[in-house]
Amino acid sequence: MINHQDNHPIAALSQPEQECLRAIAGCIIPPSFKYGIPGADDPAIFDDLLASIRRDGDALRNILATVDRNAGGRLADLAPTERCALLARLRDERPGFFSVVEALTSRAYYGNDAVLRSIGMEPRPPFPKGHDLPQGDLSLLDAVLRRGKVYRDADVSGHSV
């Protein structure tokens with residue numbers, strides 16, 4: 001479904017839902033005046049966030065409705081410190097509850113050129129040049145390898161195994 005008002009290819013969020021989401025994003029990643037970088041509620045970053053919702057629309061709507069209910073109306077109407085305090089309480093009470101919002105927010109935020117430059121990365125796609133990463137300690141995967149197979153083989157014939 002296309003939200004023609006904002007031209008985003010998402011299951012359109014209502015204006016109050018967008019305002020709630022923007023308030024949450026601003027609490028998840030606030031601006032840094034010290035480093036001169038925007039928060040996740042910055043218009044350009046938030047537009048990218050809205051454009052990336054797609055399949056997460058239903059889960060996101062449930063989260064936003066729950067947050068607004070806990071805010072006693074609309075999260076966006078609370079003062080910024082009250083918003084963040086409420087969100088911190090909800091996150092403590094329900095670990096994992098904001099996982100969809102956090103994933104959408106962080107992807108949009110770290111896709112922003114100004115943010116990438118602020119952490120010393122060239123603002124470009126990772127391929128074809130790639131990025132140099134320090135070699136990690138692969139022995140950390142030993143416990144996973146010792147665990148063995150935890151999945152079922154797929155039957156390529158289309159029949160269940």
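This is a predicted model: local features need pLDDT of at least 70, side-chain atom pairs count only at pLDDT 80 or more; totals for chains, interfaces and linings use all residues.
A residue counts as partly exposed when its relative accessible area falls between the buried limit, under 20%, and the exposed limit, over 50%. I start with that cut-off, because Ser99 at 40% relative accessible area comes out partly exposed by it.

**Entry 1: Ser99**

I looked up where Ser99 sits, and it is in helix 5.

**Entry 2: helix 1 by itself**

Next I turned to helix 1, which runs over residues 15–28. I count on 14 residues here, with 20 Å from the first C-alpha to the last. That is close to the 20 Å expected at 1.5 Å a residue.

Which residues of helix 1 are buried? My list reads Glu17, Gln18, Cys20, Leu21, Ala23, Ile24, Ala25, Gly26 and Cys27. What do these buried residues pack against? I found helix 2, helix 3, helix 4 and helix 5 as their partners.

**Entry 3: helix 1 against helix 4**

I took the partner at residues 80–93 next, which is helix 4. Its axis and that of helix 1 come within 10 Å, and they cross at roughly 80°. Angles of 65 to 115 degrees count as roughly perpendicular, so helix 1 and helix 4 are roughly perpendicular to each other. On the helix 1 side I wrote down Ala23, Ile24 and Cys27 as the contact residues. Helix 4 brings Pro80, Arg83, Cys84 and Leu87. By class, I have 6 nonpolar residues, no polar ones and 1 charged in this contact.

**Entry 4: helix 1 against helix 5**

Then I looked at helix 1 with helix 5. The axes come within 10 Å here and cross at roughly 75°. This pair is therefore roughly perpendicular. Leu21, Ile24, Ala25 and Ile28 make the contact from helix 1, and Val101, Glu102 and Thr105 make it from helix 5. I sorted the residues by class and got 5 nonpolar, 1 polar and 1 charged.

**Entry 5: helix 2 against helix 5**

How far apart are the axes of helix 2 and helix 5? I read 8 Å, with the two helices packed at an angle of about 130°. Helix 2 covers residues 43–51 and helix 5 covers 99–109. That angle makes helix 2 oblique to helix 5. I noted the crossing as right-handed. Helix 2 puts Ile45, Asp48 and Leu49 into the contact, while helix 5 puts in Leu104, Thr105, Ala108 and Tyr109. The residues divide into 5 nonpolar, 1 polar and 1 charged.

**Entry 6: residues in the loops**

I moved on to the loops and began with Asn112, which is found between helix 5 and helix 6. Is Asn112 buried or exposed? It is buried, with a relative accessible area of 12%. Not counting residues up to four places away in sequence, Asn112 touches Pro38 and Ile45.

Ala71 is in the loop between helix 3 and helix 4. At 17% relative accessible area, I put it down as buried. Leaving aside neighbours within four places in sequence, I found Ala71 in contact with Leu78 and Leu86. I also checked Ala71 against Ala85: they are 14 residues apart along the chain, with 11 Å between their C-alpha atoms.

Arg54 belongs to the loop between helix 2 and helix 3. What I jotted down there is its phi, near 35°, a positive value in a residue other than glycine.

**Entry 7: two glycines**

Gly120 lies in the loop between helix 6 and helix 7. I marked it exposed, at 67% relative accessible area. From Gly120 to Glu82 it is 38 residues in sequence and 33 Å in space, C-alpha to C-alpha.

My last stop was Gly148, in the segment after helix 7. It counts as partly exposed, at 34% relative accessibility. I compared its position with Gly26, 122 residues away along the chain, and the C-alpha atoms are separated by 42 Å. Gly26 is one of the buried residues of helix 1.

How values were computed:
Residues are numbered from 1 along each chain as its sequence is written. Side-chain values use heavy atoms; hydrogens and water are left out. Axes are lines fitted to C-alpha atoms, for helices over the stretch in contact, and angles run from 0 to 180 degrees between N-to-C directions. Helices (H or I, at least four residues) and strands (E, at least two) are DSSP runs, numbered from the N terminus. Angles under 35 degrees count as roughly parallel, over 145 as roughly antiparallel, 65 to 115 as roughly perpendicular and the rest as oblique. Contact means heavy atoms within 4.5 Å. Ala, Val, Leu, Ile, Met, Phe, Trp, Tyr, Cys and Pro count as nonpolar, Asp, Glu, Lys and Arg as charged, and the others, Gly among them, as polar. A crossing is left-handed if the near helix is turned anticlockwise from the far one by less than a right angle, and right-handed if clockwise. The expected span of a helix is 1.5 Å times one less than its number of residues. Buried means under 20% relative accessible area, exposed over 50%, partly exposed in between (1.4 Å probe, protein chains only).
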